Amino acid sequence: TEDFGLDLAGLHRCRHAHRRLGLGAQFAENYRAQRQMQLRSDLEQKGKSGVGNFAEECEDALHRALGFVIIEDRVSRTADDLVSAEDVAGYWQEALESLTSRMDGFSQEGQGFLSQCASVCSKVALCCTVAQHYGLDCGPLLHFNERATEAYAAALQTESTEWVAAICKDDLARKLRPVAARPEGRGEEAEWRLDHPAGVQPYSCCVPEVTNLTLSLLQGALELLTGTKVAADLVLPLAYFEDDEERDDVREIAISLVTYVVLPQLKLMVQDERNDLKEATQMMANVYFGFIPAFHGLETYVDELCRTGGDQTLAARRMREESQLALSSVLESPECVSKRRGEGARALPKPILEELYQVMDLSEENVLEILCAKCDSYSANYVMMDWCPQDLGSLVVEPGTAPGAGQPSCRESECAREVASFVGKMAKDSESRMPKYLHRHLFSQVFKHTADHVLQLLSCSAVSRFNLVSIVQLKADMAHL
């Protein structure tokens, strides 16, 4: 026959023989009973069930059910006294109830469901395409795919949040050790990696691990979208932005993963590092020299995927190139934190930027708070001292022989020298870890804080007394600072 090479000649000969013997009705009744038993046998779960092989079981069950109904559809069109169109519809309805019940149970399996959802939904979509060709109702299966994509979105957010949190927790436990350079020639082509320039604090292990996890989740979601679109226009409802209705599905998923999974965990990670200067500056390096270039690279990855129709190798290469370029841009100017460099540069998507700026502000506030606290601890001696030298002469330095050195000057106090020396050392250490614009921004705030702290002495009750000599001393210290 024309349907998948079905040969029903044997069945028709038996039917003809029974009809000549006057047993046609009994033959038809027995045929229907035996086929009903065969269908139920085909729909039974074969062998030991397990989440790990559900996609294979699902494919087998779909093939058996669909194959059975296709055969009976052909029989009904060539021997309607054996099977009617109503019988075929009844067989299909029974198969649908059994299949959707098993698949609904599978969708409650958490991580097992997340790992196989794309494969299962693709097989269901293909089955629907074939079944609809025969005029069969596929509503329950299509509804399963819709529910599955929604469940996938929820499971993806829950599971991926747990995975990202575990990566961040492990990196914190290891004290945010900077990631080692990748040996030459190692690493998968689809991995995200970044070569750091000299003189910049490298990011720690959580950055490449979180970024590569995001890529793998994005690839899984892409497979789901591609598979389900075989039969229907299903989308993954992770997030929806009314201000950009034309945003494609893949970009939407990427934005959702970064906005609702990665950045909230990164924010928690930054908030955990409020007491240790080394780890606080490492977190700042993670943000500026790791995640910001990674987000730019991820956006390029998505753009390239959509442009090439799913070429992941090319997309991964372009992603690494863009990340490296974004790092160079971030080192040059704060304006390049959110935008690509060059003509036609555009900012990162608004939902990502809003969360990213909060993380950047938190990381800077942490470092600044620790720096200022250390300065306060050095300048605390100001508050406890009896700031009243015996006489002005003990502060005066006689003029030297240098040109213009004609007037006596006052020397700064020992405490002022210690504070200045400490701030200078911190500034020198910082300069080798961060861009100049960020270094200047932070330490201008440190200097301002230190000067404000000293000026507060004028109204501090802990200082025993002030006189003209004290004011001269304070003026000399402020000039030194």
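**View 1. The second largest pocket of this predicted model has a volume of about 200 Å³.** Its lining comprises 14 residues, and those closest to the pocket centre are Leu277, Thr281, Met426, Asp429 and Ser430. Two or more lining residues come from each of H9, helix H11 (350-384), helix H12 (414-431) and helix H13 (436-455). H12 supplies the largest share, 5 residues. By type, the lining has 8 nonpolar, 2 polar and 4 charged residues. Here Ala, Val, Leu, Ile, Met, Phe, Trp, Tyr, Cys and Pro count as nonpolar, Asp, Glu, Lys and Arg as charged, and the others, Gly among them, as polar. A pocket is an open set of points on a 1 Å grid over the protein atoms alone, where a 1.4 Å probe fits, with protein on both sides within 12 Å along at least five of seven lines; lining residues have an atom within 4 Å of a point. Grid points are joined across faces, edges and corners, and the volume is the space filled by probe spheres set on them. Helices are DSSP runs (H or I, at least four residues) numbered from the N terminus.

Residues are numbered from 1 along each chain as its sequence is written. The model is predicted, with local features needing pLDDT of at least 70 and side-chain atom pairs counting only at pLDDT 80 or more, while totals for chains, interfaces and linings use all residues; side-chain values use heavy atoms, with hydrogens and water left out.

**View 2. The largest nonpolar core has 120 residues.** Such a core is a set of buried Ala, Val, Leu, Ile, Met, Phe, Trp, Tyr and Cys residues joined through side-chain atoms within 4.5 Å. Residues with the most contacts inside the core are Leu82, Trp92, Met103, Val120, Val124, Tyr288 and Phe295. Helix H9 (residues 277-308) gives the most to this core, 15 residues. Leaving aside residues up to four places away in sequence, Tyr288 touches Pro293, Val330, Val337, Met360, Ser363, Glu364, Tyr437 and Leu438 (contact: heavy atoms within 4.5 Å).

**View 3. Asp42 and Arg64 form a salt bridge, with their closest N and O atoms 3.3 Å apart.** Asp42 lies in helix H2 (residues 24-43) and Arg64 in helix H3 (residues 54-78), so the pair ties together parts 22 residues apart in sequence. Asp42 is buried at 9% relative accessibility, and Arg64 is partly exposed at 33%. Buried means under 20% relative accessible area, exposed over 50%, and partly exposed in between (1.4 Å probe, protein chains only). A salt bridge requires a side-chain nitrogen of Lys or Arg within 4 Å of a carboxyl oxygen of Asp or Glu. Asp42, Asp60 and Arg64 are linked in a salt-bridge network; the structure holds 12 salt bridges.

**View 4. A salt bridge joins the side chains of Glu279 and Lys175 (3.8 Å, N to O).** Glu279 is in helix H9 and Lys175 in the loop between helix H6 (139-173) and helix H7 (206-228), so the bridge ties together parts 104 residues apart in sequence. Glu279 is buried, with a relative accessible area of 10%, whereas Lys175 is exposed at 54%.

**View 5. Glu321 forms a salt bridge with Arg318, the closest N and O atoms being 3.3 Å apart.** Both residues lie in helix H10 (residues 312-332), 3 residues apart, about one turn of the helix. Glu321 is partly exposed at 42%, as is Arg318 at 28%. The C-alpha atoms of Glu321 and Thr300, 21 residues apart along the chain, are separated by 9.2 Å. Thr300 lies in helix H9 and is buried at 2% relative accessibility.
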